[in-house]
Amino acid sequence: MSISAALVLLLPLAPATSPVLSQTPDSAAQSDEGPHPRPALEWSLREWRAEHGLAWRILSDPETGYAQMLFGAQAAAPLFPRSDADWFALADHFVRASSALHGVAASTLFGESVHFLPLSLADSSDKIAVSLRQEIAGVPVDGASVELLFALDGSLLGLQAKALPDWSETIAPTASLSAATAAEIASELFLAESGVPATSSGDPLLVIAPVLREGVRRGQLAWRTDLFWRESDYAAQGWRFFLNAHTGEFLRAQDLVHEFDVGGTVSTKATTGTSPDSGSNPAVAQPMVRARVTSTTGQTVKATGKTVGKIDLVVT
């Protein structure tokens, strides 16, 4: 189990103005408006509340018609977890128990990570976050996961589904379009988008890409390719392209390079003057005069005094 201070789920912080169902079962109904036929969430929520408590709420996903978040209360665990395997078993149990709400098939989910969240350091209680990735027919669903938040005794505190629900279709995991052809098409798209040819690229990866069609999120077998252009003294360009794995049709693109303006003072502890560290000359906090910063792209920025350097961070 890894130790992490990053909170994966912030379910209890959902704003009061979000379109969640009320805590009263009789007023839990949602309309069937929207492009996706909405499942009977109100009935599923009533059943869930009858077993686990009336305080549970859901936040629906307009692109699927299912619930994307389940939160607001605590559901007792059927076992006391003592290992990562136990936490994954608990996650599977609650995914199956709540499947009528989020619509994600447990058979498409696989254990990804278990993180201990030391939230007692922030005047809360320590928790466990479990992440499950989604694969269909052995092909990963791009960006798809189900995240669960637990108390240390294994009771469920919240669930967030970012996966393809209601998967009843069969999909052949074999692409008609070759990876080489997909790479060529992606290179042409990069040139058209950036105005410069890519200087580096990753190998195309076969994935199931969630795409919107007439307002509904569906899965499409696709080639995913990352391409970059880097040149000294110029801002980097990076794009991720998704192409239909059978026809080469462009599905969507994702910008991989993001720029941020960050300002502030960097301090370090050092002794004053040239004398060594000693009881009479302790290290004290003072502004850092010189620094060298290296980014993941290999760029190095030297800063002296108030000199501001710019580096490109590639987000993958």
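Predicted model: local features only at pLDDT ≥ 70, side-chain atom pairs only at ≥ 80, totals over all residues.
Start by selecting E42. This residue sits in helix α1, which covers residues 41–52. E42 is buried, with a relative accessible area of 16%, because the cut-off for buried is under 20%. L101 lies 59 residues from E42 along the chain, yet the C-alpha atoms of the two are separated by 8.9 Å.

Next, select the whole of α1. The helix has 12 residues, and from its first C-alpha to its last it reaches 16 Å, close to the 16 Å expected at 1.5 Å a residue.

Colour the buried residues of α1: L41, E42, S44, L45, W48, R49 and H52. They cover an arc of only 160° around the axis, which puts them on the same side of α1. An α-helix has 3.6 residues a turn, so residues three or four places apart point the same way. Then turn to the other side of α1, where E47, A50 and E51 are exposed.

What do the buried residues of α1 pack against? Show β2 (57–60), β3 (67–75), α2 (84–97), α3 (99–102) and β7 (156–162), which are their packing partners.

Move on to the residue that follows α1. This is G53, and its phi is positive, near 120°.

Last, look at the largest nonpolar core, a set of 41 residues. Select V146, L148 and F150, which have the most contacts inside this core. Finish with strand β6 (residues 139–151), which supplies the largest share of the core, 6 residues.

Note on methods
Residues numbered from 1 in each chain as written. Heavy atoms only, no water. Helix = DSSP H or I, 4+ residues; strand = E, 2+ residues; numbered from the N terminus. Buried < 20%, exposed > 50% of the residue type's maximum accessible area, 1.4 Å probe, protein only. Expected span 1.5 Å × (residues − 1). Arc of directions from axis to C-beta. Contact = heavy atoms within 4.5 Å. Core = buried A, V, L, I, M, F, W, Y, C linked by side-chain atoms within 4.5 Å.
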